[in-house]
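Here is a short briefing on the model shown below. Keep the structure in view as you read.

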Amino acid sequence: MNFLSVQFALFLAIVVPGYYLCASRRRPLFLLLASYAFYILSSPLAAIGIFLATAFTFWMGAVIEAGQNEPAGNASRAPMLAAVTLLVLYLSFFKTLAPLARALNVDSASEGWAGVLARNALLPLGISYYTFKLISYLVDVYWKKIPAERSFIAFAAYAAFFPQIVAGPIQRSGDFLEQVHKLSPSTEMFRSGLRRMLIGCFKKAVVADNLGRLMDAAYAAPGAAHPSTLLAFYLFPLQLYADFSALTDIAVGTARLFGIQSPENFYEPFLATSISQYWRRWHMSLTTWLTDYVFLPLRMATRSAGNWGLAFSLMTNMILIGLWHSLSWTFFVFGVLHGFFLIVDALTSKRRSKFFKTHTGWDRAATWVGPVFTFHLVALAMVFVRAASLGQAWDVLSRLRLLRIEDTGIGENETLYALAGLTLWFLAWVSLKLKQRTWSTFTVPAWGRWAFYYAVIAVIVKYGHNAEGFIYFKF
Amino acid sequence: MEEQQLRTKMLETFRDVFGNPDLLVQDSTTADDVEGWDSLTHIDLIVALERAFRIKFTTGEVGKLANVGDLVSLIKSKTG
């Protein structure tokens, strides 16, 4: 079910009032039922998978905790490793099906096992996100960061929580479970949720999807004369950011309607002055997850190997980030590129900071040049996110020469709407920053706010382009 | 080891790792409060503390550290 659809609006129109009519102590159960209703409406068969994975993890959490209390000690390590391995295999199995079907060149019309493979080579809804939630729960119980959850209803609601199921944010169990046991959302939280959803709808329909049409044209038929490639190179990161941050806005906003505060995924990523800073600001719920459960154990294991250990841990981490999106060569190269950028960044960071401390003029220049340079590295790697194959990515990169919008073969309207939308979004960001800095006591009167909300809705309806879905739904 | 002695040695290690001779930390200090303390330098700090106190940390111990106070308690428990 797409967040930007009539079905989702109707679903919320039923679920939200139902939630508020429910007694407080019944709300976790209500959230669980609503989440499974959402899941079954989107993907009925896969609901069995999420239920079994959740029940297994819940049970193993209790086993791990019981193992910690045994006098022999460390009896929880084997169950934790076994359970995490099984969850990784479960995720990898489904992640492998689609690439396998592609590699074997089978389609759903094929006979025998090939047809069965092709027909079932779909990634179950949200599997990349809920498996990560379940793994972090097991490791956190093992590390004694949190106790094993006693309520299956609350735990199952955590794994399947519908605003976060399709594309995150990946919330940690401790954070969610603490909130789900005392659900009493304030009016302000509800309102801020609605506002956040409205911002998300605008970013998606007006900015991302109009930019998306430009991208589709630029990537559609790379031939000898393909001058729009440069435009695509610069605008795709903006499209992806608008698209994915819109998805996060709607997810975070919807969760707030039910009194759940979700983690954030973005913090002004294109203002990052270095690639390591960029990764602390982009898809934060995934990168902090990987830092805690992949990078930290790897780095601890290789800490005696000096810089080689650092390089190995960084490269492995980034390749895993790439392959988490999709088991394909393009995402592998995406991971390798970022791994390489981060290794260079890490190995030179001490020297750079020493240099900038003694050369203040260069330091000031770096605050302006840094984001521009970082953006180019990010845009370069993102060609491999957008391209369907390594060949297409290479084709795009080798044609970065000319900039002529009229040759993209699409109307000028989309360009105009997308650029106007981007400008508005930028202005909104600047005004928000100014407000934070100087006008913290200034508030817009109610009539002004409502006039603005209606204007935004009108712009979405008039200039929004309804694409087939969010880019991050497919991961 | 005396607590004061432990804290002094720890602060020296912090100053050395983060290249800031004036750095001051309290029990409530977190990585967000110290310039340059990220997931990469965190391991540099851990390795430097392991060397300074001749101890070994496990991944689980490092994984659940929330602030400097946790680190002090952990080192205390290991140095007896």
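Buried residues make up 19% of the 80 residues in chain B. In chain A, 38% of the 475 residues count as buried. Both chains belong to a predicted model, with an ipTM of 0.85 and a pTM of 0.82.

**Chain B: fold and size**

- Chain B has 4 helices and 0 strands.
- Along the sequence, its pattern reads α-α-α-α.
- The radius of gyration of chain B is 12 Å, close to the 12 Å that the globule rule gives for 80 residues, so chain B is as compact as a globular protein of that length.
- The C-alpha trace of chain B spans about 30 × 25 × 20 Å along its principal axes.
- Take the contacts in chain B between residues at least 6 apart in sequence: 59% of them join residues at least 24 apart.

**Chain A: fold and domains**

- Chain A has 19 helices and 0 strands.
- Of the contacts in chain A with a separation of 6 or more, 74% come from residues 24 or more positions apart.
- The domain assignment of chain A gives domain 1, residues 6-184, and domain 2, residues 190-405.
- The C-alpha centres of these two domains of chain A lie 26 Å apart.
- Where the domains touch, domain 1 of chain A gives 22 residues and domain 2 of chain A gives 21 residues.
- On the domain 1 side, the elements giving two or more residues are helix 1 (6-21), helix 4 (77-103), helix 6 (127-142), helix 8 (162-165) and helix 9 (173-180) of chain A.
- Helix 6 of chain A supplies the largest share of that side, with 5 residues.
- The residues on the domain 1 side divide into 13 nonpolar, 8 polar and 1 charged.

- Helix 1 of chain A has 16 residues and reaches 23 Å from its first C-alpha to its last, close to the expected 22 Å.
- Is helix 1 of chain A largely in the open, or largely buried? Of its 16 residues, the number buried is 1, so helix 1 of chain A lies largely in the open.
- Helix 3 of chain A, residues 46-68, has 23 residues. From first C-alpha to last, helix 3 of chain A reaches 33 Å, close to the 33 Å expected at 1.5 Å a residue.
- The buried residues of helix 3 of chain A are A:Ile50, A:Ala53, A:Thr54, A:Thr57, A:Phe58, A:Met60, A:Gly61 and A:Ile64.
- Which helices do these buried residues pack against? They pack against helix 2 (27-42), helix 4, helix 6 and helix 7 of chain A.

**A buried residue in chain A: A:Phe202**

- A:Phe202 lies in helix 10 of chain A, residues 187-220.
- Why does A:Phe202 count as buried? A residue is buried if 20 or more other C-beta atoms lie within 10 Å of its own, and A:Phe202 has 24.
- Leaving aside neighbours within four places in sequence, A:Phe202 is in contact with A:Val456, A:Val459 and A:Ile460.
- A:Lys144 is 58 residues from A:Phe202 along the chain, and their C-alpha atoms are separated by 42 Å.

**Where the chains meet**

- The contact takes 9 residues from chain B and 13 residues from chain A.
- On the chain B side, helix 2 (39-53) and helix 3 (59-63) of chain B are the elements that give two or more residues.
- The residues of the chain B side divide into 4 nonpolar, 4 polar and 1 charged.
- A:Met300 is in helix 13 of chain A, residues 284-301.
- Leaving aside neighbours within four places in sequence, A:Met300 is in contact with B:Thr59 and B:Val62.
- A:Met300 has 21 C-beta neighbours inside 10 Å, so A:Met300 counts as buried.
- The C-alpha atoms of A:Met300 and A:Leu310 are separated by 9.7 Å, and the two residues are 10 apart along the chain.

**Confidence**

- Chain B averages a pLDDT of 87, and 99% of its residues score at least 70.
- Chain A averages a pLDDT of 82, and 80% of its residues score at least 70.
- Among the elements of chain A, helix 7 (residues 152-160) has the highest mean pLDDT, 95. Helix 18 of chain A (residues 412-437) has the lowest, 62.
- Where pLDDT is low, the predicted coordinates should not be read in detail.

Conventions:
Residues numbered from 1 in each chain as written. Chains lettered and ligands numbered in written order. Predicted model: local features only at pLDDT ≥ 70, side-chain atom pairs only at ≥ 80, totals over all residues. Buried ≥ 20, exposed ≤ 12 C-beta atoms within 10 Å, placed from the backbone. Contact = placed C-beta atoms within 7 Å. Rg over C-alpha atoms; globule rule 2.2 N^0.38 Å. Nonpolar A, V, L, I, M, F, W, Y, C, P; charged D, E, K, R; others polar. pLDDT = per-residue confidence, 0-100. Domains from an automatic or database assignment. Expected span 1.5 Å × (residues − 1).
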